[in-house]
There are 2 protein chains.
Amino acid sequence: MLLSPDVAPIPMRAVDLIRKKRDSGEHSREEIDFLIAGYTRGDIPDYQMSAWLMAAWLRGLSRAEAAALTEAMLHSGEVVDFSELPAKKVDKHSTGGIGDKTSLILAPIVAAGGLFVPMISGRGLGHTGGTLDKLESIPGFNVNLSLADFRRVLKECGMALIGQTREIAPADKKIYALRDVTATVENLGLICGSIMSKKLAEGIDALVLDVKTGSGAFMKKEEDSERLAELMVDTGRRMGKRVVALITDMNQPLGRWAGHSVEVFESIEVLNGRGAADLRELSIELSAWMFLLGERTPTLDEGRRLAESLIASGKARDKFRDCIRLQGGDSRVVDEPDRLPQAALRTEIKSPAAGYLVSTRCEQFGTALAMLGGGREKKEDSIDHAVALEFHKRIGDRVAAGETLVTVHYNDESRLAAAQALLAECCEIGAQPPGEIPKLVKKRIVEKP
Amino acid sequence: MLLSPDVAPIPMRAVDLIRKKRDSGEHSREEIDFLIAGYTRGDIPDYQMSAWLMAAWLRGLSRAEAAALTEAMLHSGEVVDFSELPAKKVDKHSTGGIGDKTSLILAPIVAAGGLFVPMISGRGLGHTGGTLDKLESIPGFNVNLSLADFRRVLKECGMALIGQTREIAPADKKIYALRDVTATVENLGLICGSIMSKKLAEGIDALVLDVKTGSGAFMKKEEDSERLAELMVDTGRRMGKRVVALITDMNQPLGRWAGHSVEVFESIEVLNGRGAADLRELSIELSAWMFLLGERTPTLDEGRRLAESLIASGKARDKFRDCIRLQGGDSRVVDEPDRLPQAALRTEIKSPAAGYLVSTRCEQFGTALAMLGGGREKKEDSIDHAVALEFHKRIGDRVAAGETLVTVHYNDESRLAAAQALLAECCEIGAQPPGEIPKLVKKRIVEKP
């Protein structure tokens, strides 16, 4: 470049794009494509991509850049085409939290309502659980379907639940691994690209985003959650998809249970018309949005009523049973939940004083669960599907001294003490009731035309 | 880390140090040591180092961090011990510019004055020339001495001029290569570490820094040059060395010539008591500082007078002749400069109008020289030692229409047109004289206790 001023167009070079982002420049779509395609092919080495990721982390990505990144990552692999299916394809993505098992509930509801739910999910890492791990607590359940089998199951029962395949957004897989070891994970544009590229590769028409906020979420501050939600909704809109985001509370666990097999159990409870009120409410709300965006119902209210009726009639539960069977699982667990793995031992965390539950250190519940064997530190780690936490109180509840706050279900004595120490600090008991009970659905971020 | 709260001390991890710098943290000496030693050994991969470099580029390094970085890089290799020599060891480093050949002049002066000058220099890259390349225009001159031969030549004639060996600051070599391809070169702390680690590895007692500023320097703004100078002086002080920095003008070439063999020629001119006034002035000024810091003279003025007398007596020139001979070069060039390679062709750049030379695009002179074959774009490129630019006017000089501004000495017709086009834009001719003639030595940055 130095030796040829004012001559032929200069070929694009990674180092110049790194410099541009370093100096707060905005990349063109072509530049983003060059980076992502070059990195996926291996033409751009890890050390250049990681320098660019750090520059992007610190300088930020514009909405147009986030959309271009999403699209480039999406097109790094296969984009599934389900256009032959006779109804809209809709999905939900959650940014993750403690006890968040709504995927297992709303997928059967929405499939029972006649839409298709082609759901590609992730595994747990860090303090949050993953849908795939929960499903694998069902004996025989296979989340590693080929794309052909994914299509077959989806066609047959309206829903299918698998993990990211090699064909789907390989750029995301490669970039995520690099972000993990270069401290470049928590950036809105990069998070948006990672989530949305995978979801849009599913060949969906509409997407409902559940962006968690609070002490148990990746985003602790509501304004950060909102900004991520807005960016993802905008990215979806730019790519011609209908997208809505709900900002929902994660200052305390969702539902009564956190773990793997217990979350399958609790999901079946809700599908049977029982279960915790908050979990049921959020599952119905998210289902209703899926019905609305998938044009199954003309209003959100009708979507809610449809979801409730599909639970009441047992059709949603039946759909879940079908799906488990089609993916090789023991579908008897739906009617005989004792067939799910259960922990051998239990102990209780009791309240040291009388008063009210005023707040929780919600993320620590997840950490404690991981310490008991129910989570991973590294991707290769195996997990104990049976360990669980059972929550007896919700924020605002009155608590007597010595009353049980959390029941710990575990298998390995040697892991208990450290988890117990952490759990003892998780519930803050106050003399007065909390000033405010966290609202479950805090805000909706809808598409702007 | 996630799974073991409040237990044994956590081992240091590169990802945590990257995160710390990303979040504007200040590293401890141990953290810097861990990064540099780990990277030099290959335990820390390129992709983590490049993410850290970008974070450091954007967040900056404190003075303590820059000093720790310098020391860690210094100790990544061998630190030469010249304590057996009977006088102080002093050196000079320039941040580089057009026509800057003072090393070839002051090293013989200072060695003739009785101090030792163990100089490890670089090659040209981009628009600036390198001392090693200039020396190699002398037939037979060997810059690739082993450390043992370096020591022998230095002992014998008081000066030795070599390139960076494998033993010297290997961390710098590895990190510089990575910075070059990840847009993380131009950062004060990183530049300081790179320069100072190599210079301090020479086993010197004192160092004079010539920090260039202006249109032909890496740092175009005087305040940036000052900040770099202050950082390097501070780093030297922290490591127990005497260091001074002169901020000197690079808004026009230094001396009458730029190229390789012509710069050797012009250096010999100065050593013979001739040569351009500005080049002579700066060479004497830098030599005087080396005499002062090397405790050869009690005052700067006495240092200047000593330098002048060593030129007048021919002792400095004789020292240069000795050094060339000891490093395998044809020392007859000192007395018969026609033995240096000369370009076959020449052409002139003439002034389009009458007036005054008011400014130069000084960096473009270097770029034009490189385009003629006298520079490198990549490290592996070979260069034409004979191509040269001869400058006939200095800023403030009166110029007639059609008068020659620059004579171009070249060998390859095919390379001329592009260089000519660039050179035609390099000299700004104004109707009025410039308001200010750039001062050669703008400022001194001295050690603060």
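**Helix H3 of chain A**

I checked how enclosed H3(A) is: eleven of its 14 residues are buried, so the helix is largely enclosed by the rest of the structure. Buried means under 20% relative accessible area (1.4 Å probe, protein chains only), with exposed over 50% and partly exposed in between. Among the buried ones I noted Trp52(A), Leu53(A) and Trp57(A). I'm working with a predicted model, where local features need pLDDT of at least 70, side-chain atom pairs count only at pLDDT 80 or more, and totals for chains, interfaces and linings use all residues. Residues are numbered from 1 along each chain, chains are lettered from A, and side-chain values use heavy atoms, leaving out hydrogens and water.

H3(A) covers residues 46-59 and reaches 20 Å from first C-alpha to last, close to the 20 Å expected; that expected span is 1.5 Å times one less than the number of residues. Helices here are DSSP runs (H or I, at least four residues), numbered from the N terminus.

**Where chains A and B meet**

Next I looked up the interface: 34 residues of chain B are in contact with 34 of chain A (contact is heavy atoms within 4.5 Å). The two chains bury about 2900 Å² between them, 71% of it on carbon and sulfur atoms; this is accessible area (1.4 Å probe) lost on being put together, summed over both.

I also found two salt bridges across the interface, meaning a side-chain nitrogen of Lys or Arg within 4 Å of a carboxyl oxygen of Asp or Glu. Glu186(B) and Arg22(A) meet in a salt bridge at 3.0 Å, N to O.

Key. Helices (H or I, at least four residues) and strands (E, at least two) are DSSP runs, numbered from the N terminus.
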